[in-house]
Amino acid sequence: MSDKVKVTIDGITVEVAPGTSILNAARQIGGDIVPPAMCYYSKLEGSGGKCRTCIVKVSKGSEKDPRPMPKLVASCRTAVMDGMEVMNITSPEVIEARSGVVEMLLINHPLDCPVCDQAGECDLQNLGYEHGLQKTRYEFERRTFERIDIGDKIQLHMNRCILCYRCVFTADQITNKRVHGILNRGDHSEISTYIQTAVDNDFSGNVIDVCPVGALTDKTFRFKNRVWFTKPIDAHRDCPTCSGKVTLWYKGEDVIRVTARKDIYGEVEEFICNTCRFDKKKTADWVIEHPTHISDTSVISSNHYETLKPLPVIQDNPKLRLANKVELEKTTKF
Amino acid sequence: MARKLLLEHINVPGINTLDVYRQKGGYRAVEKALKTLTPDEVVEEVKKSGLRGRGGAGFPTGMKWSFLAKPEGVARYLVCNADESEPGTFKDRYLMTYIPHALIEGMIVSSFALGANTSYIYVRGEMMPQIRILERAIAEAKNAGFLGKNILGSGYDLELYVQPGGGAYICGEETALLESLEGKRGNPRIKPPFPAIAGLYGCPTVVNNVESIAAVVPIINDGGDEYAKIGIGRSTGTKLISASGNLVRPGVYEIELGLPVEEFIYSDEWCGGIANGKRLKATVAGGSSVPVLPANLTLKLANGDPRLMSYESLSEGGFATGTMMGSGGFIAFDEDQCIVRNTWNFSRFYHHESCGQCSPCREGTGWMEKVLHRLEYGHGKMSDIDLLVDVSKKIEGNTICPLGDAAAWPVASAIRHFRDEFEWHVNEPVKSLSTNYGLANYAEPIAKAVTAEN
């Protein structure tokens, strides 16, 4: 008897280990059928289920009980069953509900992408682009907060927070003591203000990486540059605290930001310490590996890419190739 | 006179004390269960009774008990949900105030059936008088040997504690209640796992409503089959109804399920009709979280048959023409009441009480409340009405716990049945601003909506 269970997502079947969530089963298939996730983070225990962006329709529960599930379910917290059939992008109901969730998320998240430090790396930006409306139907005053400095390296701007709880889980699980949480209820909820002084440990910087929007930002990088003008390079160092595997973000010859390495779902591969993140900003501190792989569809890849992929119209026309020579060289230069 | 099982001795002086309660037959169920029945036999009696959860969902209690996992060497818990706080629902606090030993006796029998040696009564934090009453009653029961070690020499041990709640409506949701009981912020857990598998402290747990647990006493005393003879269809037994609003005699009543709604409202034995000789405009039959019904659909089903106070009859027709039994919080609105204002009031409550964990509920409840506020205060637009319907749809079914549904249903149903009134608020903002809600005198469309045949 196989120790795997079969699940079909949008018509594509995959065999996964029992207990795998629908979301992770979808990630094993990859591509467009992977539901978006704003609060789920595979490295954080107990995360997920809150933002509701990953909701999917279970059109067949299992081989044993083929009844569909009565409501849409959060794919990040629903385990697959053998024979389960799931509809994500093939279900109009899911698309409709997801657009509703995006609309709700954008009620108290300003669309200030032109000035937000997370622009280009923001999951909500992508989600809003795919599912959002052209204009909001919400006509009431948004909640606003003063910016809060969490120590000297991190800034919290609650205006942009979508209350995904990722930073709370991070602080709870990878630091020595519980340092912050959520205050108040409902749409009055906020990340607690006492973190101004409380987040103080070697791994606190990771709350920046897990934040899916621009609520928690790196003060050493904040507003120094737009992400698509920087060049990401994977590098490592012999660090006594963490794995030392990072991405260096170059502007010219200078390292202007250090982050943990992220996978294709925007999740960090390994959490890194504050020393690596904030204090090691010279190339000499690092062993350079190779350019970071950035998806072609990402705005970050707009300037410089690992491989040169000129458009076919350019490839086929020597005059155009010549005319674009300088620009093409820029894209290959690291 | 209707048969009473829970409130039979409610008017007996001193019934809140152990002595008087025992004189009236109290704690017979404990003696019978612990001395003559096995835990499985108690569960079987509850199954036979057909008792459905009295907290709102109406899930069969015996079946819920049978789902409880029983791994070796792992504690099991029974938790009584006494976090009653929904607008219009006040029957549990009535029971706890006046006849606390009924709940404690039910807790002992139910805990025995489930194999729980530690049980909790989680009472809403604001209900300090009830907490004191229960603590005193528990002390009495313990002194008399009904709690503690080796109860009545049966070898069964039970410790019973009263735990004040966090003072939030969401703590009445069973998983949020468990979080709160564990000393954490009262946020609902994502299910599965269900509490029957991993509940309090990760152990198998049953969470039951006060009335459900108290109902176990007459079930064991008289037998499940006898209990099942009361009521109608799958709505067996009696039900406490907390009646409020524009009624001649609001209060807590014990009815036999199956009583016609019309009789409940107008009979002198129950609510005595609508106050001040007014006509009935609408009702909320099961607490503020269930869909509102106009008078005609309150009294009769869509096919013209009388509507009954039963789970099936109240939900007959789905949400298009029906509602839910819910927790039994029966609110009547007379012809002068403003549906928009009441809907806003309910919406304000759910906005305030949303825990904020999941996006649709956190943001959607506030959005609905603000739009309703705008409509009520004369600044609404016609498009607001459809906007409300759409937002309620976006919330319904997409949240972690049922609070989202509870917030969405009253709004959607109010617009479904009273759209004219919402439109009137847009068209006649000055009149709708009047604090004297003589709406029936103002507006023809609203007068038409009052179709009670009384």
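Q: Helices (H or I, at least four residues) and strands (E, at least two) are DSSP runs, numbered from the N terminus; in the loop between which two elements of chain B is the place of B:Pro192?
A: The model is a predicted one, and in it the peptide bond from B:Lys191 to B:Pro192 is cis, with omega near -5°. For B:Pro192, the loop in question is the one between helix H8 (174–181) and strand S4 (205–209).

Q: Which residue of chain A has a positive phi although it is not a glycine?
A: The residue lies in the loop between strand S8 (182–183) and strand S9 (190–191) of chain A. Its phi is about 65°, and the residue is A:Asn184.

Q: Are H15(B) and H18(B) roughly parallel or roughly antiparallel to each other?
A: The axes of helix H15 (residues 339–353) and helix H18 (residues 403–427) of chain B come within 9 Å, and they cross at roughly 160°. Angles over 145 degrees count as roughly antiparallel, and the crossing of this pair is left-handed. H15(B) and H18(B) are therefore, in relation to each other, roughly antiparallel.

Q: How many nonpolar residues does the contact of H15(B) with H18(B) have?
A: From H15(B) the contact takes residues including B:Ile339, B:Phe346 and B:Tyr350, while H18(B) brings, among others, B:Leu403, B:Val411 and B:Phe422. B:Glu353 in H15(B) and B:Glu421 in H18(B) are also among the residues that meet here. By class, the contact divides into three polar residues, two charged ones and, for the class asked about, nonpolar residues numbering twelve.

Q: At roughly what angle do the axes of H16 and H17 of chain B cross?
A: H16 spans residues 359–376 and H17 spans residues 382–395, and their axes come within 10 Å. H16(B) passes H17(B) in a left-handed crossing, with B:Trp367, B:Met368 and B:Arg374 among the H16(B) residues that meet H17(B), where B:Leu387, B:Val391 and B:Lys394 are included. The class counts in this contact are ten nonpolar, three polar and three charged residues. The angle that makes H16(B) roughly antiparallel to H17(B) is roughly 160°.

Q: Within what distance do the axes of H3 and H6 of chain B come?
A: B:Pro39, B:Val42 and B:Val43 in H3(B) meet B:Val109, B:Phe112 and B:Ala113 in H6(B), and the residues of this contact divide into six nonpolar, no polar and no charged. H3(B), residues 39–49, passes H6(B), residues 100–114, in a left-handed crossing. The axes cross at roughly 115° and come within 7 Å.

Q: How many salt bridges are counted between chain A and chain B?
A: The contact takes 33 residues from chain A and 34 residues from chain B, and the area buried between the two chains is about 2,900 Å², of which carbon and sulfur atoms give 51%. B:Arg374 forms a salt bridge with A:Glu139, with the closest N and O atoms 2.9 Å apart. For salt bridges between chain A and chain B, the count is six.

Q: How many residues apart are A:Arg277 and A:Asp209?
A: The structure holds 51 salt bridges over all chains, and in one of them the side chains of A:Arg277 and A:Asp209 meet at 2.9 Å, N to O. A:Arg277 is in helix H7 (residues 274–279) of chain A and A:Asp209 is in helix H6 (residues 206–210) of chain A, and this pair links distant parts of the chain.

Technical notes: Residues are numbered from 1 along each chain as its sequence is written. Chains are lettered from A and ligands numbered from 1 in the order in which they are written. This is a predicted model: local features need pLDDT of at least 70, side-chain atom pairs count only at pLDDT 80 or more; totals for chains, interfaces and linings use all residues. Side-chain values use heavy atoms; hydrogens and water are left out. Axes are lines fitted to C-alpha atoms, for helices over the stretch in contact, and angles run from 0 to 180 degrees between N-to-C directions. Angles under 35 degrees count as roughly parallel, over 145 as roughly antiparallel, 65 to 115 as roughly perpendicular and the rest as oblique. A crossing is left-handed if the near helix is turned anticlockwise from the far one by less than a right angle, and right-handed if clockwise. Contact means heavy atoms within 4.5 Å. Ala, Val, Leu, Ile, Met, Phe, Trp, Tyr, Cys and Pro count as nonpolar, Asp, Glu, Lys and Arg as charged, and the others, Gly among them, as polar. Buried area is the accessible area (1.4 Å probe) that two parts lose on being put together, summed over both. A salt bridge is a side-chain nitrogen of Lys or Arg within 4 Å of a carboxyl oxygen of Asp or Glu.
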